[in-house]
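Subject: Structure handover

Hi,

Here is the structure I promised to pass on.

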Amino acid sequence: MTTVGKPEVNEKKTVDLNVPMETTTGPALDTFAMEAVDLNAYYGKFRAVRDVNLSFRDRQITALIGPSGCGKTTLLRTLNRMNDLVQGARAEGEVRFHGQNIFDASVDPVELRKRVGMVFQKPNPFPKTIYQNVAWGARINGMKQDLDALVEHSLRQAALWDEVKDKLDESGYSLSGGQQQRLCIARAIAVKPEIILMDEPTSALDPVATLRIEELIQDLKVNYTIIIVTHNMQQAARASDHTVFLNMDSDRAGYVVEAGTTGTLFTRPARQETEDYITGRFG
Amino acid sequence: MTPPGPEASGGASDLLQTSAQMRRRQRRGLVARLALLGALMVAVAALVTLIVTILNSSFGLVAVENERSPGELVASRGYPEGTALGDLTKEDLVALLEAGISTNLGRRFEREQRFFGDRMVFEDLYVLNDLCMAGDPPPPACYLPARSHSQVEALVVERVVEPTIVGTWSFFSSVFNRDDVEAYAAEKYPGAELEFRSWLSWDFVVNPQSPEPAIAGIRTALLGSLWVVLITLAFSFPIGVGAAIYLEEYARENRLTAILQTNINNLAGVPSIIYGMLGLAIFVRTLEAITSGSFLGTGGEATANGRTIVSAGLTLGLLILPIIIINAQEAIRAVPGSLRQAGMALGSTRWQTVRSHVLPNALPGILTGTILAVARALGETAPLVVVGASTFITTDPSGPFSKFTVLPIQIYQWTSRPQDEFRNIAAAAILVLLVLLLTLNTAAVILRNKYSRRTA
């Protein structure tokens, strides 16, 4: 999917974002779960992300790589409007999700975030029990029936069930860092999102825990579209289907240099900049 | 000028020969250290002096002159020598009263509370029954149970023995100069007995205010303080915490919130007497119809305009409101942002995240700040003088629309009395106030420690 430049506008029928989807059976493969069109992100007057045009394939893993400060995280957080919470942050352009621009006034960011979940850089479980950590999101979203089954299902999907099934009433903080991060993934899954955004989810973990998370991400792509920011190029090469390389221009605004399948981008990059970066000549 | 390198300084032995410059630096360091130690010593000395002065006045020898000696009274009822008044039967004690006080006074006591459930001593039963039927209001004796043994004994001591304290000595002279004190007392008060008295006692805590220092207590002031603090808390806690949540979680950072924030910070430093003036203008005068309780039909003449517990509580509530807001803001700010992000990323509304994650984690900090603010309110005097706390009141507050006094004002009033004994009970009242404040501060510290252990 080399979609540098403006992608052709998909003729998708508009789905009302405010109607929650009942199942995770989304569009068929090879369609786009989300598209950014001429997306610019600002903090006050500072432009952090410049003219991004990207399509994220449904139920595939897309990695965002690039040097520190190039706007990877800003781009990611713009996709579910988490950046709205940052004072002075705003976005221009469009991000299409089910054919609707998520910046439209009619879109409720709370509903958007329910369907585009997020896992953060540092594991951040709630200071509550493991069970409550997973169940809380579902509960506030109005799911009442059979929370026990949902918790078990989510923990199983996050490959954590066997380790915690006997201590669901213990604090989420009692787990190791890697387990905490998988708990956070289980928590994100429990609200049944379509897309999961991951912001350097393994940067605070040791190599063994990192590997487990990467395996987990591979398993999750059956059901979820995953967009992952990483500063670890081996991780992008190992664990993603598509890779987007971002760099920063002289105004420190991030822009997309190149996007493509991971295999192509790492073996035959089209741009010299990309090759310099992935071969470690800078960054 | 470049400092000499290791080669230039010429070997390891130089380590032992300190240069003039080094000695100067060391000397300066020593001076600074001594100055800091001096500051600490002054502070500690001031604190120790305060405590010692208070303790010195709270305990000590007193010279007591009895109108009639207890031994003589006991003997008059045919008990052997050395029997204490308390060992007499209730019948004997009442008989002593009968012999010792006028019938009129006895009747008054009996209308207040009967001596025996089955018979009358001073009053005529028919008269009392008539009063119970027709009196408006009926005398308390109609519904109170009969006086207990210890109540009768206290009455005998107060009215028949009639001890008066004619001289008091401080704790230190009582302990270290006892001989001098005894010689002086024997010469000056020949009929008096010397006894050691702790001005701070349980009786002192539970007795109502009285013009007689020997039997005066702080119950009235203590209840007044508790009532006022209750109103203060009920007013300022929800409003303060609510404002703090809005400022921290909802308000955008702009010029308006910056101005608000600055003003809140400044309000925390406004002298408390100003709040007193504000309370006088708003609560006592403008809102008199509400604060006097007349809108409920309660109150009446006894409430004396708007100078009630409600006015005092609301005034102190205004006073500690900025403190509570600032403390609550700090507690809320201390909740890691990652928790908010985690909550919001799950598709929760702002309020759901605040209620489920921010508030539970900020609560210990909020409570700690609130306790400290309440401690401040408990010790405030100036604004309540302005708002109109009664300086002399012997009836307990009966509700939020009562007249009142509070501990610090009681202390202030006692210290301005000419008799020595009032200074002693003022010291004892200060001890009670200090214990209250220390208890609150300890609670705050315990809460804080418990909280920091839990998150660690």
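Below is what I found in it, topic by topic.

First, the ground rules. This is a predicted model, so local features need pLDDT of at least 70 and side-chain atom pairs count only at pLDDT 80 or more, while totals for chains, interfaces and linings use all residues. Residues are numbered from 1 along each chain as its sequence is written, and chains are lettered from A and ligands numbered from 1 in the order in which they are written.

**Confidence**

The model as a whole scores ipTM 0.83 and pTM 0.79. Per residue we have pLDDT, the predictor's confidence on a scale from 0 to 100. Chain A has a mean pLDDT of 86, with 89% of its residues at 70 or more. Be careful with residues 1–29 of chain A, where the pLDDT is below 50; that stretch has 44 contacts in the model beyond near neighbours in sequence. (Two residues are in contact if their C-beta atoms, placed from the backbone, lie within 7 Å.) For chain B the average pLDDT is 86, and 94% of the residues score at least 70. Helices (H or I, at least four residues) and strands (E, at least two) are DSSP runs, numbered from the N terminus.

**Chain A**

Chain A contains 10 helices and 10 strands. Of its 283 residues, 48% are buried. A residue is buried if 20 or more other C-beta atoms lie within 10 Å of its own, exposed if 12 or fewer, and partly exposed in between, with C-beta atoms placed from the backbone. Among contacts in chain A with a separation of 6 or more, 71% are between residues 24 or more positions apart.

The largest nonpolar core has 80 residues, and those touching the most other members are A:Leu64, A:Ala186, A:Ile196, A:Leu197, A:Ile226 and A:Ile227. (A nonpolar core is a set of buried Ala, Val, Leu, Ile, Met, Phe, Trp, Tyr and Cys residues joined through C-beta atoms within 7 Å.) Helix α6 (residues 177–190) of chain A gives the most to this core, seven residues. Leaving aside neighbours within four places in sequence, the contacts of A:Leu64 include A:Leu75, A:Ile227 and A:Val244.

A:Leu265 sits in helix α9 (residues 262–267) of chain A. A:Leu265 counts as buried because it has 27 C-beta neighbours inside 10 Å. Beyond four places in sequence, its contacts include A:Thr243, A:Phe245 and A:Thr274. A:His242 is 23 residues away from A:Leu265 along the chain, yet their C-alpha atoms are separated by 8.4 Å.

Two backbone angles are worth a look. Most residues other than glycine have a negative phi. A:Asp51, in strand β2 (residues 46–57) of chain A, has a positive phi of about 45°. A:His98, in the loop between β4 (89–97) and β5 (100–101) of chain A, has a phi near 55°. A:Asp51 is partly exposed because it has 17 C-beta neighbours inside 10 Å, and A:His98 is partly exposed with 19 other C-beta atoms within 10 Å.

**Chain B**

An automatic or database domain assignment divides chain B into domain 1 (53–65 + 173–198), domain 2 (69–161) and domain 3 (219–455). The C-alpha centres of domains 2 and 3 of chain B lie 45 Å apart. A second, separate core of 68 residues includes B:Ile309, B:Trp414, B:Ala429 and B:Ala444.

B:Leu247 belongs to helix α11 (residues 219–250) of chain B. B:Leu247 counts as buried because it has 20 C-beta neighbours inside 10 Å. Apart from neighbours within four places in sequence, B:Leu247 is in contact with B:Thr257 and B:Gln329.

**Where the chains meet**

How many residues of chain B are in contact with chain A? There are 16, and they touch 20 residues of chain A. On the chain B side, α16 (337–345) and α17 (350–379) each supply at least two residues, and α16(B) gives the most, with six.

Best wishes
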